[in-house]
Amino acid sequence: MSGNTFGELFRVTTFGESHGPGLGVIIDGVPAGVKIDEALIQRDLDRRRPGQSKVSTMRKEPDRVEILSGVFEGVSTGTSLAMVIRNTDQRSQDYGRLAELFRPGHADLGFFKKYGVRDYRGGGRSSGRETSMRVAAGAVAKMVLATMGVSVRACSMMIGGVYAETVDWSVVEENIVRSPDLAAAEKMVAAIRAAQADRDSVGGIICCEAHGVPAGWGEPVFDKLDALLAHAILSIGGIKGIEIGAGFEAPKKRGSENNDSILPSGFASNHAGGILGGISNGDVITFRAAMKPTSSIAKKQHTIDKEGNATEIEVLGRHDPCLVPRAVPVVEAMTALVLADLALRNRAARI
Ligand SMILES: Cc1cc2nc3c(=O)[nH]c(=O)nc-3n(C[C@H](O)[C@H](O)[C@H](O)COP(=O)(O)O)c2cc1C
Ligand SMILES: C=C(O[C@@H]1CC(C(=O)O)=C[C@@H](OP(=O)(O)O)[C@H]1O)C(=O)O
């Protein structure tokens with residue numbers, strides 16, 4: 001399968017580049033009869049959109065979604081569902097020097113070594129802008145999941161070394177860094193601003209939960225639910241790690257502490273993150289993802305040109321000083337895509 005397609009029965013193909021005419025997605029496998037609320041797709045696109053706050057990239061894009069097929073009178077028809085957005089704020093001339101140099105930490109060098117040709121206008125296909133179409137597709141997946149009582153939510157648990165100390169989901173969309181702790185949110189913003197002032201960037205941790213997933217979703221061997229989540233989440237540019245449930249804390253415990261006792265009323269704890277043997281166990285699915293600091297920074301760094309000569313680079317252009325707040329809806333979207341796919345695959349598992 002080409003690198004542009006994800007999923008088996010709920011299959012998503014994206015296309016488009018950061019400075020081309022636009023981006024799009026085709027979803028195969030949306031069951032007929034699902035109410036498709038365009039406003040909800042737009043809402044998630046707005047949550048991800050560039051230019052949304054003083055701590056995001058300054059590029060201004062409306063990211064207005066246009067549904068081209070697969071929906072009739074507000075309901076999915078069972079045929080391929082296609083959506084596009086147009087790029088309106090390209091400034092490709094700002095990227096002229098990037099044609100000759102490789103940005104440390106970005107995808108430039110890898111793309112050039114692989115293909116021998118590279119769209120250097122911004123990140124081209126490797127730009128975080130590609131995730132807009134994942135978010136549009138993820139919004140449709142959320143609508144499919146909602147018919148089964150399943151929902152997904154995510155937030156920023158750490159930014160620039162500042163951790164959320166309390167978790168209040170009701171405040172996540174009320175602050176520009178999507179923190180579940182308003183006091184921490186202010187400090188997170190300050191950490192991003194301090195890095196920016198230093199021509200630098202910061203990373204962080206995104207926490208995600210899926211509620212209402214019934215026991216039984218996920219394949220038992222290769223396509224385990226946790227393995228597919230790891231694939232989906234690590235496919236987001238800038239994400240470098242994922243831990244399911246107790247994750248990297250589990251090895252520090254004894255088996256007796258880490259096991260979730262099974263009671264007639266349910267599990268006594270949820271260190272497993274809602275997944276056992278690659279299959280959902282009916283508890284809340286929980287994981288955290290580690291996001292690196294943005295690679296494109298104005299600080300001077302060593303690099304090489306296309307001929308391999310040593311040089312220096314200061315990356316200008318419009319960049320997120322921290323990827324985490326805008327990646328929150330992307331993490332939700334990729335999680336919803338995995339769950340929608342497994343929901344459909346689960347229908348074929350037993351008579
Ligand atoms: C929503 C989102 C926004 C992003 N914005 C930027 C950005 O402004 N500048 C940048 O250098 N990288 C940005 N990235 C990250 C790049 O896409 C990523 O660093 C690049 O693909 C290389 O990282 P990788 O090796 O993890 O794939 C963004 C990623 C996401 C998900
Ligand atoms: C435009 C978006 O974010 C971009 C993500 C990004 C990158 O390198 O990932 C680099 C910047 O854009 P450009 O491709 O013009 O350099 C960001 O502004 C977006 O997410 O919609």
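1. A residue counts as buried if 20 or more other C-beta atoms lie within 10 Å of its own, as exposed if 12 or fewer do, and as partly exposed in between, with C-beta atoms placed from the backbone. By this rule Ala39 is exposed, with 8 other C-beta atoms within 10 Å. Ala39 is in helix 1; helices (H or I, at least four residues) and strands (E, at least two) are DSSP runs, numbered from the N terminus. Ala39 and Ala139 are 100 residues apart in sequence, and their C-alpha atoms are 10.0 Å apart in space.

2. This is a predicted model, in which local features need pLDDT of at least 70, side-chain atom pairs count only at pLDDT 80 or more, and totals for chains, interfaces and linings use all residues. Residues are numbered from 1 along each chain as its sequence is written, while chains are lettered from A and ligands numbered from 1 in the order in which they are written.

3. The unreviewed UniProt entry lists Arg48 and Lys54 under "binding site"; its positions are given in the numbering used here, feature names are shortened, and annotations may be inferred rather than shown by experiment. Arg48 belongs to helix 1 (residues 38-48) and is buried because it has 25 C-beta neighbours inside 10 Å. Outside the four places on either side in sequence, Arg48 is in contact (C-beta atoms, placed from the backbone, within 7 Å) with Thr131, Ser132, Val135, Arg326, Pro329 and Val330. Lys54 sits in the loop between helix 1 and strand 4 (66-69) and, with 11 C-beta neighbours inside 10 Å, is exposed.

4. Around ligand 2 there are 16 residues, of which Ser18, Thr57, Gly122, Gly123 and Gly128 come nearest; a residue is near a molecule if its C-beta atom, placed from the backbone, lies within 6 Å of it. The shell divides into 1 nonpolar, 11 polar and 4 charged residues. Here Ala, Val, Leu, Ile, Met, Phe, Trp, Tyr, Cys and Pro count as nonpolar, Asp, Glu, Lys and Arg as charged, and the others, Gly among them, as polar.

5. Helix 5 (residues 225-234) has Leu225, Asp226, Leu228, Leu229, Ala232 and Ile233 buried. They lie on the same side of helix 5 because they cover an arc of only 160 degrees around the axis, taken from the directions from the helix axis to the C-beta atoms. These buried residues pack against elements including strand 16 (285-291) and helix 7 (324-346).

6. An open sheet of 5 strands runs in the order 9-8-10-16-11 with antiparallel pairing; two strands pair if DSSP finds at least two bridges between them. Strand 9 (162-163) and strand 11 are the edge strands, each pairing on one side only. Strand 8 (residues 151-159) and strand 10 (residues 204-211) share 8 antiparallel bridges, and Val152 has Ala210 in strand 10 as its bridge partner.

Key
Contact = placed C-beta atoms within 7 Å.
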